[in-house]
Amino acid sequence: MRKKLIFMFIAIIFALSGCASEEGSVKEAVDYANRISTLVEEVKNQDEKIAQLEALVEEERNQMEGDQEIYNDLKDMNLDIEGQIDNSEYLKQRNIQVNILDAIVSNPSEYSRKFGWIDRFDIDRKVLYFDDLEWIKDSDLERIAELGLTDDDFPNGFYLYNENTVEEEYVVNEEVIVNILDQNFQPQWAVKEQLESHIQESVNQKIFCKFIFCEDEIVAIIENYLP
């Protein structure tokens, strides 16, 4: 990935310099190239921080238990760098992702996870409505016995249990990071406004997501494909 960024950086310099026919254009090309260089360095620092956290998580694997699942959900969010290097909103979200990962390792008790289908999103009030579900894995033998579930209830290795169909409202953090699925069911990063549009366009099919909470606020929204 780093090689791609370097080649892209070099290509931009040559492309802009080659097109520059006036002194002002050359200066703009150099300024832009310098800015890209700074952004590439910022991404490099983010990658190094994630690598350090990965090593720490591996050391504390037994102590983290359920918190590691939250960590992995966030780490695996698609914040793809390709084509986004000069997008300030992208870099902002990626910085937030790294900061949350760091915070989960340092203070895991502050973070929790919920699952559910989004009903609506009031972007002005920063409030999201969804019905909280319990995600039961086929390895949760005690819970399976409590609910009287059988192997037939786990065709895909999990079961979504909804004790009460009640939609509740949850506060969305101002700096929430978001993954939504595209038409090919591939995850892509998005801003709040894109999430709002995605919900409105999916009016005939509710969106199933994982929600990562810090205390009482949603800090990450990850849409999941359900087979």
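The rule for that is simple: NZ of Lys or CZ of Arg must be within 6 Å of the ring centre and within 35 degrees of the ring normal. Lys114 meets the rule too, over the face of Phe213 at 5.9 Å from the ring centre.

Some housekeeping. This is a predicted model, in which local features need pLDDT of at least 70 and side-chain atom pairs count only at pLDDT 80 or more, while totals for chains, interfaces and linings use all residues. Residues are numbered from 1 along each chain as its sequence is written, and side-chain values use heavy atoms, with hydrogens and water left out.

Back to Arg120. Together with Asp119 and Glu167, Arg120 belongs to one network of salt bridges that share partners. A salt bridge here is a side-chain nitrogen of Lys or Arg within 4 Å of a carboxyl oxygen of Asp or Glu. In general, side chains of opposite charge can pair when their charged atoms come close. How many salt bridges does the rule give? The count comes to nine.

When I say strand or helix, I mean DSSP runs numbered from the N terminus, with helices (H or I) of at least four residues and strands (E) of at least two.

Are these residues buried or exposed? Buried means under 20% relative accessible area, exposed means over 50%, and partly exposed is in between, using a 1.4 Å probe and protein chains only. Asp122 is at 25%, so Asp122 is partly exposed. Arg125 at 47% is partly exposed, and Glu169 at 44% is partly exposed as well.

One more salt bridge joins Arg143 and Glu146, with the closest N and O atoms 2.8 Å apart. These two are three residues apart in helix H6 (residues 141-147), so about one helical turn separates them. Arg143 has a relative accessible area of 24% and is partly exposed.

Next, the aromatic rings. A pair of aromatic rings is described by the distance of the centres and the angle of the planes. Rings of Phe, Tyr and Trp (the six-membered ring for Trp) pair if their centres lie within 6.5 Å; planes under 30 degrees apart are stacked, over 60 edge-to-face, and the rest tilted. The count by this rule is nine aromatic pairs. In one of them, Trp135 and Phe158 have ring centres 4.3 Å apart and planes at 15°, so the pair is stacked. Trp135 is in strand S2 and Phe158 in strand S3 (residues 158-161), 23 residues apart, and the pair links distant parts of the chain. Trp135 is partly exposed at 23%, whereas Phe158 is buried at 17%. Both residues belong to one aromatic cluster, along with Phe115, Trp117 and Phe208.

Two backbone angles deserve a mention. Lys126 has a positive phi of about 60° although it is not a glycine. Lys126 is in the loop between strand S1 (111-122) and strand S2 (127-137), and is partly exposed at 29%. Phe185 also has a positive phi, about 65°, and is not a glycine. Phe185 is in the loop between S4 and strand S5 (187-190).

On a 1 Å grid over the protein atoms alone, a pocket is an open set of points where a 1.4 Å probe fits, with protein on both sides within 12 Å along at least five of seven lines; lining residues have an atom within 4 Å of a point. The largest pocket has a volume of about 420 Å³, where volume is the space filled by probe spheres set on the points. Of its 16 lining residues, the closest to the centre are Phe185, His198, Ser202, Gln205 and Glu223. Helix H7 (192-201) and strand S6 (207-214) are the elements giving two or more residues to that lining.

The second largest pocket has a volume of about 180 Å³. Its lining has 13 residues, with Asp73, Asp76, Met77, Ile222 and Asn224 nearest the centre. Which element gives the most to this lining? Strand S4 does, with three residues.
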